[in-house]
Amino acid sequence: MRLRGILAIIVGLGGVAVSAFGMRTGRPSDGVIGAGVAFIAVLVGLGARSSRQIGDASGEDPELADGGVAASAEVDTPSVLDVDPITDPLTGLMNEIFFSGLLSTKVATARRRLWPLSIVLLQLVMRQDVTDEATDAAIVAFSEVVGATIRTADVACRVGARSFALLLDDTDEDGAAWVAERIQIAHAREGDSPVAKVCAGVASYPSHGIEPAEILVTAKSALKQASENLELPGLGRVIVAPQRPL
């Protein structure tokens, strides 16, 4: 672009000189020719300037663009983090985001197929003076127990630091309470663990609500009740929410 501008200036000056010479010698044709050459040179110069301005505005180096010099620059791009937004990184189970999105779908399916759907909320009660590493290991071990106990069609999610949620298709509240007790027993059979108790709250569609939020709130209320009186002996309380009035 810069070379083209210089050439346009030289040609323009030549045209001006020819025009001046024609005027001095009284030859109009030379003056017309010189003026035409100067005009064309001006147009070429303006075109070069406009191209350069466009290149500057777009961040393109005009020397590289016009001179044909190949420029190879490696662009540092940030690496894509291998993070799944719906999976718990510690246990590999689905997380609370997935659970919240799936709940509505599960309730709609239960309503369409005319079968019950149960939510089981599980809360781990850890022993005293347990390190973070031991707690993480216990949570992973418990998640494996849950996965080995429930059916393939059931869904287990980690919804909190020490809490889990189960979605059980075609299972009423009594069947869901039995699932929670089976998980307690299976975990106890694993032997010594930093987990002292496993508390559970159960609520079902349609016994405890029609809407997903209503059922979930009822299950949380049952879990809160199950988490009280932890000094009582046993593996942990399993509380089924009372049925809503018809």
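**Loops, helices and the sheet**

Mentor: P206 is found in the loop between β5 (195-205) and α7; helices (H or I, at least four residues) and strands (E, at least two) are DSSP runs, numbered from the N terminus. This is a predicted model, in which local features need pLDDT of at least 70 and side-chain atom pairs pLDDT 80 or more, while totals for chains, interfaces and linings use all residues. Residues are numbered from 1 along each chain as its sequence is written, and side-chain values use heavy atoms, without hydrogens or water.

Trainee: Which kind of peptide bond joins Y205 and P206, cis or trans?

Mentor: The bond between Y205 and P206 is cis, with omega at about 5 degrees. Most peptide bonds are trans, and most residues other than glycine have a negative phi.

Trainee: What is phi of D129, then?

Mentor: D129 is not glycine, yet its phi is positive, near 55 degrees. The residue sits in the loop between β2 (117-126) and α5. With a relative accessible area of 79%, D129 is exposed (over 50%; buried is under 20%, partly exposed in between; 1.4 Å probe, protein chains only). N229 also has a positive phi near 55 degrees; this residue lies in the loop between α7 and β6 (238-240) and is partly exposed, at 41%.

Trainee: Changing topic: in what order do the six strands run in the sheet?

Mentor: The order is β1-β3-β4-β2-β5-β6, in an open sheet with mixed pairing; two strands pair if DSSP finds at least two bridges between them. β1 (94-95) and β6 are at the edges with a single partner strand each, so one side of each has no neighbour in the sheet.

Trainee: How many bridges join β2 to β4?

Mentor: Seven, and β2 and β4 (residues 163-169) run antiparallel. V120 stands opposite L166 in β4.

Trainee: Which strands does α5 touch?

Mentor: α5 packs on the sheet against β2, β3 (155-158), β4 and β5, at about 150 degrees to the direction of β2. Contact means heavy atoms within 4.5 Å; axes are lines fitted to C-alpha atoms, for helices over the stretch in contact, and angles run from 0 to 180 degrees between N-to-C directions.

Trainee: And where does α7 lie?

Mentor: α7 lies across β2, β5 and β6, at about 150 degrees to β5. The axes of α7 (residues 212-226) and α4 (residues 96-113) come within 9 Å and cross at roughly 115 degrees.

Trainee: Which residues of α4 and α7 meet?

Mentor: F99, L103, S104 and V107 in α4 meet P212, I215 and L216 in α7.
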